Amino acid sequence: MHDCLEQVYYYSLIMREGWLVDPGTNWVWRFHRDDKAWVRDPKVFMDRGMAMPDGQPPLLKERRHVPQEDAETIWRNLKSMGWKRTEPLWGASAEP
């Protein structure tokens, strides 16, 4: 199971992004790779925010820029604490 989660995360980053939501609070982490640094020094942007109702812009509270390995560790830790994968909730990837 652990390997499967890592593969899903890895596949998501290859595809550019992955999303996790805390079911208790609705806070969201968006993980998306830094395409400018990916080849020579793989880094990931992590944006923490919350989708807002009625088409309002999301409430974005934090951005981190971390090495890919750190992002993978954080992803696994959040999953172990009950965070769930979710569909994109804002940005171009959330457009229909």
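Tutor: Trp-29 has Arg-48 in strand 3 as its bridge partner. Trp-29 also stands opposite Leu-20, and Leu-20 in turn stands opposite Arg-85 in strand 5. This is a predicted model, in which local features need pLDDT of at least 70, side-chain atom pairs count only at pLDDT 80 or more, and totals for chains, interfaces and linings use all residues. Residues are numbered from 1 along each chain as its sequence is written, and side-chain values use heavy atoms, with hydrogens and water left out.

The part to follow is strand 2, residues 28-33. Helices (H or I, at least four residues) and strands (E, at least two) are DSSP runs, numbered from the N terminus. Strand 2 and strand 3 are antiparallel and share 6 bridges; two strands pair if DSSP finds at least two bridges between them. With strand 1, strand 2 also runs antiparallel, over 5 bridges.

Strand 2 ends at Arg-33. Arg-33 counts as buried because its relative accessibility is 15%; buried means under 20% relative accessible area, exposed over 50%, and partly exposed in between, with a 1.4 Å probe and protein chains only. The side chain of Arg-33 makes a polar contact with the side chain of Asp-35 at 2.9 Å. A polar contact is a pair of N or O atoms within 3.5 Å; within protein, one must be able to donate a hydrogen and the other to accept it, and residues adjacent in sequence count only if both atoms are side-chain atoms.

The hairpin of strand 1 and strand 2 has 6 residues between the strands. Asn-26 lies in that loop and has a positive phi of about 70°, although it is not a glycine. Most residues other than glycine have a negative phi. At 46% relative accessibility, Asn-26 counts as partly exposed. Asp-54, in the loop between strand 3 and strand 4, is another residue other than glycine with a positive phi, near 60°. Asp-54 is exposed, because its relative accessible area is 77%.

Strand 1, residues 17-21, has 5 of its 5 residues buried, so it is largely enclosed by the rest of the structure. In a regular strand the side chains alternate between the two faces of the sheet. Both faces of strand 1 are covered, with Glu-17, Trp-19 and Val-21 buried on one side and Gly-18 and Leu-20 buried on the other. On to strand 5 (residues 84-85), strand 1 pairs in the antiparallel sense through 2 bridges.

The open sheet has 5 strands in the order 4-3-2-1-5, with antiparallel pairing. Its edge strands, strand 4 (59-67) and strand 5, each pair on one side only. Strand 3 and strand 4 are joined by 8 bridges, again antiparallel, and Phe-45 stands opposite His-65 in strand 4.

Helix 2 (residues 68-80) lies across strand 1, strand 2, strand 3 (43-50), strand 4 and strand 5, at about 130° to strand 4. Axes are lines fitted to C-alpha atoms, for helices over the stretch in contact (heavy atoms within 4.5 Å), and angles run from 0 to 180 degrees between N-to-C directions.

The largest nonpolar core has 11 residues: Leu-20, Trp-29, Phe-31, Trp-38, Val-44, Met-46, Val-66, Ala-71, Trp-75, Leu-78 and Trp-83. Strand 2, strand 3 and helix 2 each supply at least two residues of this core, and the largest share, 3 residues, comes from helix 2. A nonpolar core is a set of buried Ala, Val, Leu, Ile, Met, Phe, Trp, Tyr and Cys residues joined through side-chain atoms within 4.5 Å.

For the whole protein, the elements run α-β-β-β-β-α-β from the N terminus. Of its 96 residues, 32% count as buried. Among contacts between residues at least 6 apart in sequence, 48% join residues at least 24 apart.
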